[in-house]
Amino acid sequence: MARLLVIGDVHGCLIELENLLRKLQYEAQQDTLVFVGDLLNKGPSGAETLSFVNDLKDDGGEVIYVRGNHDEKYLQFFNQFSKRLRRGEKPPRRLCQGWLGPDGHSTISKMKSRDWRLLLGTPLSFQRGNLTVLHGGLSSKIHCKPKHLLDSKSFSSKRRAEIKSLMYIRNLHKDGSVPNQNQVRGLVPWQDLYDGRFGWVVYGHQPKSHVNHRGHTIGIDTACCYGNRLTALVQEPGSQIYWESVAARSCYANCPPPKRLKYAATAV
Ligand SMILES: [Mn+2]
């Protein structure tokens, strides 16, 4: 039976992704590969990473790419400029960089239509057995099953906004509701409110020095683009869960202050 491999935020760190798959002895015909989102931005090879994931799918692999907030940023850009992009024109460099970050223009220039299609097809969550994968976090106000989160068109705009927040959530009000962007006081980490009703939730979005195992949640963004490590959570047939990681070859993005983020000193 297949292994389930869930990969943390890649952020364009393609060499590290290839190293990690090699270390895991990934087999396209046997394993199910799930990305927790944010393949793009910050690291050196965003467009190449999308192309690599498309190639894995073409090789017949079962690959699920859950949408992250950075992927969503590219999709919003695509919606805004789709006519131009479909004609093969590139919006001005400054516009791309303002919207998408310093590497925005070069990434867009390299993206092919199949890369946009891959992004457009990304679900907001994935569930198999006792594991749910999503990018950001879960509000305890969401009572529908994760598979229904994919069908967000059938919800009201308020509900849709709440569901979209799955990509962004870090903290919640104590009653489980989603705060406005500029609210910071009296909030608690979403992980502390999650009661396990969707099984283990595996997520990215919050770069840490180590895998963040807290209650029924497992954060696997181990800050690869900041020079730390790229991590995969592995579920073997029979449900045993563990994680593997590889070291980043470099610090690609502006590093946050060390007090906020301590890097693991271990090597592969
Ligand atoms: Mn991220």
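This report walks through the fold of a predicted model, from the overall make-up down to single residues.

## Ground rules

Because the model is predicted, local features are reported only where pLDDT is at least 70 and side-chain atom pairs count only at pLDDT 80 or more, while totals for chains, interfaces and linings use all residues. Residue numbers start from 1 along each chain, following the sequence as written.

## The chain at a glance

The protein chain has 9 helices and 12 strands. Both kinds are DSSP runs numbered from the N terminus: H or I over at least four residues for helices, E over at least two for strands. Of the 268 residues in the protein chain, 39% count as buried. Here, buried means 20 or more other C-beta atoms within 10 Å of the residue's own, exposed means 12 or fewer, and partly exposed is in between, with C-beta atoms placed from the backbone.

Now for contacts, meaning residue pairs whose C-beta atoms, placed from the backbone, lie within 7 Å. Take the contacts in the protein chain with a separation of 6 or more: 66% of them join residues 24 or more positions apart.

Two strands pair if DSSP finds at least two bridges between them. For angles, axes are lines fitted to C-alpha atoms (for helices, over the stretch in contact), and values run from 0 to 180 degrees between N-to-C directions.

Strand S1 (residues 4–7) is covered on both faces: Leu 4 and Val 6 are buried on one side, Leu 5 and Ile 7 on the other. S1 pairs with strand S2 (residues 32–35) in the parallel sense over 4 bridges, and with S11 in the antiparallel sense, also over 4 bridges. Ile 7 sits opposite Phe 35 in S2 and opposite Ala 232 in S11.

Strand S11 (residues 229–235) is mostly covered, with 6 of its 7 residues buried. S11 pairs with strand S12 (residues 241–247) in the antiparallel sense over 7 bridges. Arg 229 has Ala 247 of S12 as its bridge partner, and Val 234 has Tyr 242 of S12. The hairpin of S11 and S12 has 5 residues between the strands, and Gly 238 takes a positive phi near 95 degrees there.

Val 234 belongs to strand S11. Val 234 counts as partly exposed because 15 other C-beta atoms lie within 10 Å. Leaving out residues up to four places away in sequence, Val 234 touches Arg 3, Leu 5, Leu 24, Tyr 242, Trp 243 and Glu 244. The C-alpha atoms of Val 234 and Leu 4 are 5.8 Å apart, although 230 residues separate the two along the chain.

## The nonpolar core

The largest nonpolar core has 59 residues, and Val 6, Ile 7 and Val 202 have the most contacts inside it. A core here is a set of buried Ala, Val, Leu, Ile, Met, Phe, Trp, Tyr and Cys residues joined through C-beta atoms within 7 Å. Apart from neighbours within four places in sequence, Ile 7 is in contact with Leu 17, Leu 20, Leu 33, Phe 35, Val 36 and Ala 232.

## The S4-S5-S8-S10-S9 sheet

Another open sheet has 5 strands in the order S4-S5-S8-S10-S9, again with mixed pairing. Strand S4 (125–128) and strand S9 (212–214) are the edge strands, each pairing on one side only. Neighbouring strands here are turned by 15 degrees against each other on average, direction ignored.

S9 and strand S10 (residues 217–219) pair in the antiparallel sense over 3 bridges. Asn 212 stands opposite Gly 219 in S10.

## Where H3 meets H6

Helix H3 (residues 69–86) packs against helix H6 (residues 113–120) at an angle of about 115 degrees, and their axes are 10 Å apart. H3 contributes Asp 71, Tyr 74, Leu 75 and Phe 78 to the contact, and H6 contributes Trp 116, Leu 119 and Leu 120. By class, the contact residues are 6 nonpolar, no polar and 1 charged. Nonpolar covers Ala, Val, Leu, Ile, Met, Phe, Trp, Tyr, Cys and Pro, charged covers Asp, Glu, Lys and Arg, and the others, Gly among them, are polar.

Key: Two residues are in contact if their C-beta atoms, placed from the backbone, lie within 7 Å.
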